[in-house]
Structures are given as structure tokens and as C-alpha cells.
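Please read the following briefing alongside the sequence and the coordinates.

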Amino acid sequence: MTRFFWLKDPNDINGSLETYRFRAVPFGATCSPFILNATILKHLKNKTSASAEILMRDLYVDNVISSIRNETEAIEYFRESKKIMLDAGMKLRSWASNSKLLQTEAMHHGLQDSDEIIKLLGLRWEPLSDILSFAKREIPTLETVTKRSICNNDPLGILSPVTVRAKILIQLLWKQKYEWDNPLPDEICSTWNSLANDLNIASSIQFPRKYLNKVNGETTLHIFADASTKSYGAAAYICNKSESNLVMAKTRVAPVKTLTLPQLELMAALIAARLGSHLQNSLPKMNIVYWSDSQMVLHWLSSKKLLK
């Protein structure tokens with residue numbers, strides 16, 4: 001709500017009302033993120049520069065995360081984007097970069113982020129080493145495990161190959177209809193504590209921000225889809241002639257209603273297609289190759305018949 005009624009004369013409670021309007025977006029209002037985003041996008045759409053397009057593409061609420069090909073373009077982007085946002089009365093601040101030249105430029109304008117480790121949408125980024133890592137989140141092993149403690153410690157979205165096991169375990173708890181605060185059987189306690197140890201180890205992994213160190217020939221996305229009776233998912237890798245790296249992975253727990261393995265493989269192919277569509281909009285245009293080891297799914301996808 002950015003408008004409200006107020007008494008024209010505060011001393012006369014029966015007097016007429018006037019409409020007041022905020023001249024700035026009130027912090028904490030439910031509509032604030034939407035209004036902010038709509039305002040910034042409208043402003044950027046009125047600009048025709050390449051920097052405005054990058055800002056529009058890389059904006060996330062009040063953060064901008066951009067990757068620029070070289071330092072010369074990075075400096076130009078810094079200067080142009082700063083001017084573009086100042087035209088709307090907004091100051092881009094807390095600049096962080098792995099480029100020493102850009103760091104010096106930002107420091108000269110008093111806009112350099114002083115933190116050695118930058119919080120980046122749930123990840124941690126060290127600009128000097130250009131390394132990404134996961135936020136420190138120690139998951140305790142417990143002598144007595146309850147359904148509530150497992151749900152509270154569920155680290156969904158950290159590392160798919162490990163966290164899918166947490167999803168499967170949570171689904172099992174719902175199927176068995178355990179009460180929230182009742183101690184769980186020793187077998188489930190042991191499974192959770194083993195999983196907690198694995199998650200703590202996995203979340204300490206560090207990896208380079210760059211997908212590929214060098215542009216060597218044609219770059220291609222390869223997306224693999226697979227399924228088991230318990231879960232299904234897809235993983236995307238970016239490859240050139242000399243390197244390959246994991247870009248993104250998505251996993252789902254198999255539905256409670258029993259499906260055949262070919263049906264689950266088909267659902268994995270759907271996840272792969274959605275993942276490819278998302279990456280096409282997020283990365284530079286490149287060829288995508290989809291992989292599935294299910295002959296039945298490949299037949300279904302190539303068939304022109306209407307499938308039930």
C-alpha cells in the first residue's frame with residue numbers, strides 16, 4: 001500500500017480526509033520487491049545501450065551479477081551502468097570483481113565492496129581467487145532424531161547428488177506417518193546421521209566460478225537424463241574440445257503413486273528439457289545435446305502418435 005487516508009485537520013476527528021502518498025517505496029512492504037523491479041525494468045527499457053541490456057538480464061531484486069569478457073569491457077560496463085542507474089536516482093554500490101583494474105576503479109569512486117568473501121545468492125565468492133563455495137552450515141548428528149529435526153535440517157538445493165537422499169528420506173517419513181516430535185527408529189536415525197556427515201563434507205567443496213578456462217572450439221551443452229525407482233533428474237555439462245564442467249543439476253523424488261521405470265525416465269527427460277530451456281535463456285546461445293539411456297523414452301519422444 002503506497003497511499004493512505006489521513007485527517008485534513010488532525011484535531012478534528014470528524015473532519016474530511018485527504019489522500020497521502022509515499023514518495024519513496026516503504027521498506028518491508030509486501031509489494032516493495034515488485035515495485036522496485038518494475039521501476040528498474042521500466043527505466044532500463046528506455047535505454048538503448050548494451051550495458052542496459054546486461055543490467056536487465058542480470059538483475060535479481062537489488063543485486064546485479066554480471067560476467068564480462070575482458071577488463072576493457074568491464075570498465076566500460078562499470079562506468080555506463082553507474083551512469084544509467086544514477087539517471088533514475090539509484091546508486092550502484094558495493095562493487096566486487098576478480099579484476100584488479102575494476103577493483104581500483106571502484107575504489108577510486110568509493111564503491112568497492114570491502115568484504116573478502118561476497119555473499120552470492122546462497123553461495124560464497126572469493127574475488128581474489130575467483131572461487132565459489134557453499135555457505136557454512138553445520139548439520140548436527142543427533143542421538144535422538146525426530147521428524148521435526150530432520151525437516152529443520154533439510155538442506156535442499158545445496159548439492160543434488162547428496163541432497164536427493166535427504167528428499168527420499170523425508171518422503172519416507174511422510175509415507176510412514178511419523179509424529180513430529182516422536183523419536184524415530186534406530187535405522188532411520190542411523191541413515192540421517194550418515195547423511196548429515198555426507199552433507200557436511202559435500203558442502204565444504206570449492207569450485208571455480210568459470211565454467212571453462214579457455215574458449216577452445218565450439219562450446220556445447222550436454223544434458224543427461226536418468227531415473228531410478230526412487231528418484232529422477234537431469235544434469236547439464238558445458239563442453240569444448242579440451243574441457244567439461246557441471247553447470248547445473250535438478251532432481252525430483254519419485255511420486256508416492258507407483259510409476260514404471262520408463263515413465264520415470266520420461267519424467268527425467270522432461271526435467272532435462274526444462275533445464276535446457278532455462279540454460280538457453282541464461283547462457284550465450286549454443287547447441288544442446290540431450291542424452292537418455294532409455295530406448296523406450298527415445299521411441300516415445302520420436303513418435304508422432306498421441307501418447308496416453
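A salt bridge is a side-chain nitrogen of Lys or Arg within 4 Å of a carboxyl oxygen of Asp or Glu. This is a predicted model, in which local features need pLDDT of at least 70 and side-chain atom pairs count only at pLDDT 80 or more, while totals for chains, interfaces and linings use all residues. Residues are numbered from 1 along each chain as its sequence is written, and side-chain values use heavy atoms, with hydrogens and water left out.

**Confidence**
- The chain has a mean pLDDT (the predictor's confidence in each residue, from 0 to 100) of 86, and 94% of its residues reach 70 or more.
- Over residues 152-158 pLDDT stays under 50, and for this stretch the model has 17 contacts (heavy atoms within 4.5 Å) beyond four places in sequence.

**Salt bridges**
- The structure holds seven salt bridges, and K47, K83 and D87 are linked in a network of them.

**Pairs between separate elements**
- R79 and E105 form a salt bridge at 3.0 Å, N to O; R79 lies in helix α3 (residues 71-86) and E105 in helix α4 (residues 100-108), so the pair ties together parts 26 residues apart in sequence.
- Helices (H or I, at least four residues) and strands (E, at least two) are DSSP runs, numbered from the N terminus.
- R209 and D130 pair at 2.7 Å, N to O, linking the loop between β8 (206-208) and β9 (220-227) with the loop between β6 (123-126) and β7 (131-134), 79 residues apart.
- D130 is buried at 11% relative accessible area, while R209 is partly exposed at 28%.

Key. Buried < 20%, exposed > 50% of the residue type's maximum accessible area, 1.4 Å probe, protein only.
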